[in-house]
Amino acid sequence: MKKRTITIYLLLGLALLALAVLNIHTGSVSLSPGEILRIIFTGDRSQQSGVIIWNLRVPRVAAAILLGGALSISGFLLQTFFSNPIAGPYILGVSSGAKLVVACVMIIMLGHGMVIGSLGMIASAFVGSLAVMGFVLAIATRVKTMSILIVCGVMVGYICSAVTEFMITFADDSNIINLHNWSMGSFSGITWSNVRAIAIVVLAGAVLAFFMSKSMSAFQLGENYAKSVGVNMRAFRIKLILLSSVLSATVTAFAGPVSFVGIAVPHLARMVFKTSKPIILIPGAFLGGAVFCLLCDLLARNLFAPTEMSISTITAVFGAPIVIAMLIRRKK
Amino acid sequence: MSQAILKTEALAAGYAGRIIAEQVGIQVCPGEIVALIGPNGSGKTTLLKTVAGFLEPIGGAVYLDGRDLSAFPRSEMARIMSVMMTERMATDQMTVRDVVSLGRYPYTGMLGRLTEKDQGIVDRALTRVGMTEFSERIFNDLSDGQKQRALLARSIAQEPKILLLDEPTSYLDIYHKLRFIDILKDLVSGGEMGVLMSVHELEIAYEISSRVVCLSADGHIKAFGTPQEVFSEQVINDLYQLEPGRLRSMYGGFLSAIKAEPSAPDQEE
């Protein structure tokens with residue numbers, strides 16, 4: 001591995017650690033570093049401070065890391081699929097599709113007095129992701145222009161969001177407030193059992209994506225070339241779509257739709273690593289996405305504390321300008 | 001002549017049951033370049049795609065190294081046959097070296113890591129096409145001619161016995177055309193590798209091929225033989241439906257115009 005690659009991995013690792021500590025430290029209840037260390041190392045949950053650290057802040061940090069990484073890899077896979085760096089689960093409407101189905105399932109289940117488990121949430125989100133993805137792919141067979149495809153994706157996203165908002169407005173349940181926060185995007189309220197489900201799905205997805213890096217690199221040189229060296233293109237495409245949908249569905253299931261991370265982070269990774277090799281970029285994008293989401297969540301929680309902003313607001317502020325810059329540079 | 005590395009028998013090629021070229025019987029031996037010529041739409045690319053195994057033959061068969069193509073696992077096929085076609089690529093930040101390294105694809109493990117031996121083969125491929133000094137450059141920033149040479153190096157790194165090329169010189173200026181065909185000639189001169197290439201420029205087909213396949217507009221082979229046998233005014237006029245004398249007037253006029261130019265004024269005595 002090149003020196004540059006190793007250095008950047010190390011720096012990202014350090015940033016991840018630092019931000020994780022900072023995220024655990026800051027919050028509406030201020031705790032001394034000594035107290036936090038004691039709680040972390042003893043696992044003491046007898047006092048209120050222990051409950052805040054263990055049941056609120058640590059799972060939230062874990063979720064931000066895993067979901068940020070998942071979102072970046074999901075974006076990277078879609079970019080590979082479309083051979084275009086401006087593709088991602090949010091901009092193509094996939095996240096909103098997932099949101100719609102999860103909201104439907106939740107409202108119906110709550111109406112019948114049932115609770116939906118972590119895997120049930122992921123499954124609902126996955127169904128929604130695939131439905132929108134299928135629609136986008138159907139359009140892609142008719143129009144070959146990426147920009148039109150993206151506009152269609154954005155429109156589908158709006159429709160799904162509108163329907164979701166409509167249902168949330170008219171559903172009557174005490175959990176609606178939570179549902180509303182979630183539909184705007186937030187890492188709050190994530191439990192340890194959520195984290196366990198997220199970890200299993202996201203880590204498995206990330207590893208599978210990593211092992212696709214060889215065929216992805218062949219595909220970068222063109223479909224015919226990939227075929228000629230033995231990539232089964234049909235299976236390859238199906239795997240890309242399924243993996244990216246599972247990953248972005250997991251994010252949406254627990255944190256709602258999170259904007260622009262899927263495009264901005266892989267792009268930043270390509271720039272700082274100065275490479276297009278998937279084998280370097282997949283771990284790089286995962287780490288980068290984790291760092292990016294930890295930072296954004298830190299800001300979302302603390303900028304206007306005690307009022308918490310939605311995570312998508314912050315990621316859009318950082319992510320959208322990067323995407324605009326990419327669009328302008330590509331036109332040159 | 002040594003045994004053919006690539007052979008087709010009564011091959012019918014096309015898409016979704018629609019035959020574009022049929023009754024194709026050609027063969028390529030190690031050490032020779034076979035040129036595939038014919039008008040636009042005659043099915044040159046379709047034929048190459050079928051020979052490459054991208055399309056199922058509608059009829060007949062393709063034999064690679066004496067074995068039916070359909071009996072080959074793709075990964076094994078890639079160690080014998082390399083394919084270079086014009087297509088959309090997303091190389092982005094890839095360097096020339098990254099591109100050429102992918103030629104080792106059929107030989108590397110699950111993660112595609114190169115061994116020292118692979119690196120050596122990549123180095124030699126780069127030298128062979130004269131791209132060593134460009135190896136760390138971004139592929140996308142190269143000129144078309146340099147790109148084609150880099151892609152050729154990728155195919156060389158694949159160490160095939162047969163190389164399929166689809167109009168490799170079409171977008172190149174005259175310097176890069178000549179450079180490219182000189183490298184190709186050098187490649188087959190060892191007698192290890194054969195080349196099957198479609199080409200529009202008749203003069204290139206004449207210059208480098210040991211045999212020429214003429215595919216007519218209706219997708220049948222009109223002639224298959226050495227350039228000396230094939231290239232008659234009659235055959236070319238029929239193949240491309242040219243007015244009699246048109247070809248000669250153009251090329252002849254062009255060549256005599258070049259001859260008329262004095263090479264250097266002060267040497268004219």
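**Close-up views of a predicted two-chain model**

**Figure 1. The contact between chain A and chain B.** In this predicted model, 22 residues of chain A are in contact with 23 residues of chain B, two residues being in contact if their C-beta atoms, placed from the backbone, lie within 7 Å. The elements that give two or more residues to the side of chain A that touches chain B are α9 (213–219) and α10 (223–228) of chain A, and of these α10(A) gives the most, with 5 residues. Helices here are DSSP runs of H or I with at least four residues, and strands are runs of E with at least two, both numbered from the N terminus. By class, the side of chain A that touches chain B has 6 nonpolar, 10 polar and 6 charged residues, where Ala, Val, Leu, Ile, Met, Phe, Trp, Tyr, Cys and Pro count as nonpolar, Asp, Glu, Lys and Arg as charged, and the others, Gly among them, as polar. Residues are numbered from 1 along each chain as its sequence is written, while chains are lettered from A and ligands numbered from 1 in the order in which they are written. Because the model is predicted, local features need pLDDT of at least 70 and side-chain atom pairs count only at pLDDT 80 or more, whereas totals for chains, interfaces and linings use all residues.

**Figure 2. The crossing of helices α2 and α3 in chain A****.** The axes of helix α2 (residues 33–42) of chain A and helix α3 (residues 48–82) of chain A come within 10 Å and cross at roughly 70°; axes are lines fitted to C-alpha atoms, for helices over the stretch in contact, and angles run from 0 to 180 degrees between N-to-C directions. That makes α2(A) roughly perpendicular to α3(A), the term used for angles of 65 to 115 degrees, with those under 35 counting as roughly parallel, those over 145 as roughly antiparallel and the rest as oblique.

**Figure 3. The open sheet of chain B****.** Six strands, with mixed pairing, form an open sheet in the order β7-β8-β9-β4-β10-β11 (chain B), two strands being paired if DSSP finds at least two bridges between them. The edge strands β7 (81–84) and β11 (221–225) of chain B each pair on one side only, and the twist averages 10° from one strand to the next. Strand β10 (residues 211–215) of chain B pairs with β11(B) in the antiparallel sense over 4 bridges, and B:Cys214 stands opposite B:Ala223 in β11(B).

Figure 4. The contact takes 12 residues from domain 1 of chain B and 12 residues from domain 2 of chain B, and helix α6 (residues 174–189) of chain B gives the most to the domain 1 side, with 4 residues.
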